[in-house]
Amino acid sequence: MKSSSAKDKRKVLKNKNILLGVTGGAAAYKAVDLTRRLKEEGATVTVIMTDASKNFITPLSLEIASGNRVYSDLFDTPMSHITFPAAADLMVIAPATANIIGKFARGIADDLLSTCLLSFRGKVVIAPAMNWRMYENPIFQKNLQYLISHGVVQVGPEKGSLACGEEGIGRMADVNEIIEAIKSALSNKDLLKERIIVTAGPTREYIDPVRFISNRSSGKMGYAIARAALRRGSEVTLISGPCSLMPPRGLKLVTVETADDMRNAVLQHLPEATVVIMAAAVGDFTPQTKEQTKIEKSDELTMRLKKSPDILSEIGSMRNRPLLIGFAAETGNRLDRARKKLIEKGADIIVFNDVTSAGSGFDVDTNKITIIERDRETALPLMTKEEAAEAILDRVSDLRA
Ligand code: CTP
């Protein structure tokens, strides 16, 4: 049984102290959602508002969301510009106006937030939001690049319709992306040297141009692994079957449909990979013949299927192969089948999960896995797919060290 600190390590935001600066932009209202989401993931959030931000959102909204007092006056709480940053694990400014970015870049400290930024020693994440003319202004860009050159992490902005009614770059990044940037900034970069291929989602085996055989895989486990690997510094190629998930930024995404397509994509990227994680639910059977036109309705239809390529086994039998991780999605507590797959497919790790057990199957955000290796097995409790991804990557990190 792992200690509770090891378990908490997999919850990147658990017990983290986040100092959130909110500045005066139309996106300030999104800080409420950001605060709530950070709290949901176990962080403590202290909000500092600039005076300008109070034109867009009330301190009360952020007080309710954070469950903490909201601060903005430099002289209200003595020494708060030193004590708040000293207690924080990370500072995030969302939205970050051209004004706060300019002040920070020039070392100006004339209110609580700008003073805290100067006294803070940890990672700072900024989510710029402004009109596109301001964003593209070379003076602003110089300030932004200066901050980045000093290790400040920029997330967004996006292109789209802006608060002023114009179209252009300047929309604050989506809250999910800000959270991902925060998690990445707080993550240990232990996979910096790795180039990981992750497969995810189902495959489709076409019967005719409009029908296919597929399965219930949502892709959530594979996408969670890809996100966690990115956060930990790895280069990631995500080879994904059809699914409705947002691919994380910063990775190479290859979309495929059939098991054959997936095999080709994996083999194409294999020479550069140091690790392959086969989280995809690859279809085991494919129609022997694919009709070129739609099959017409009849009282009965008999179809012959043939075995599709087993990608994991193919890589497992290669002489010089990367670290190889497969999944065993079983119906029932069939650890024996998973252990057999480890040997028969030549993998280094098989991640077992019982898709019929509560909270473990398809399209849910949790999973209960057992990490099976030749000489050890680690049964983990029910956890989020994100934590399960971290646990799998912990083993990858140990084995590659
Ligand atoms: N896999 C693969 N190619 C296939 C089928 C599966 O690479 N054609 C990989 C999966 O990505 C997974 C592992 O093999 O990592 C085990 O998949 P699973 O569906 O559990 O096992 P199967 O080999 O398909 O056997 P069965 O369906 O009989 O359990």
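Where in the chain does Thr50 lie? Thr50 sits in the loop between β2 and α3 (59-66), and it is a handy place to start a tour of this predicted model. Local features here need pLDDT of at least 70, side-chain atom pairs count only at pLDDT 80 or more, and totals for chains, interfaces and linings use all residues. Numbering runs from 1 along each chain as its sequence is written, and side-chain values use heavy atoms, with hydrogens and water left out. Helices (H or I, at least four residues) and strands (E, at least two) are DSSP runs, numbered from the N terminus.

- Thr50 is buried, with a relative accessible area of 11%; buried means under 20% relative accessible area, exposed over 50%, and partly exposed in between (1.4 Å probe, protein chains only).
- Leaving aside neighbours within four places in sequence, Thr50 is in contact with Val22, Thr23, Gly24, Asp111 and Leu113, where contact means heavy atoms within 4.5 Å.

**The sheet**

- Five strands form an open sheet in the order β2-β1-β3-β4-β5, with parallel pairing; two strands pair if DSSP finds at least two bridges between them.
- β2 (44-49) and β5 (153-154) stand at the edges with a single partner strand each, so one side of each has no neighbour in the sheet.
- α2 packs on this sheet and touches β1, β2 and β3, its direction making about 180 degrees with that of β1.
- Strand β1 (residues 17-22) pairs with β2 in the parallel sense over 6 bridges, and with β3 in the parallel sense over 4 bridges.
- Ile18 has bridge partners in both of these strands: Val45 in β2 and Leu90 in β3.
- β3 also pairs with strand β4 (residues 123-128), in the parallel sense over 5 bridges, and here Ile93 stands opposite Ile126 in β4.

**Strand β3 in detail**

- Strand β3 (residues 90-96) is mostly covered, as 7 of its 7 residues are buried.
- Leu90, Val92, Ala94 and Ala96 point one way from β3, while Met91, Ile93 and Pro95 point the other way, and all are buried.

**Helix α2 and its partner α9**

- In α2, the buried residues are Lys30, Ala31, Val32, Leu34, Thr35 and Leu38.
- The buried residues of α2 pack against β1, β2, α3, β3, β7 (167-171) and α9.
- Helix α2 (residues 30-40) and helix α9 (residues 175-186) pack at an angle of about 45 degrees, with their axes 10 Å apart; axes are lines fitted to C-alpha atoms, for helices over the stretch in contact, and angles run from 0 to 180 degrees between N-to-C directions.
- That angle makes α2 oblique to α9 (under 35 degrees counts as roughly parallel, over 145 as roughly antiparallel, 65 to 115 as roughly perpendicular and the rest as oblique).
- Lys30, Asp33, Leu34, Arg37 and Leu38 of α2 make the contact with Val175, Asn176, Ile178, Ile179 and Ile182 of α9.
- Just after α2, Gly42 takes a positive phi of about 100 degrees.

**Helices α4 and α6**

- The axes of helix α4 (residues 80-87) and helix α6 (residues 112-119) come within 8 Å and cross at roughly 55 degrees, and the two helices are therefore oblique to each other.
- Ser80, His81, Ile82 and Pro85 in α4 meet Leu112, Thr115, Cys116 and Ser119 in α6.
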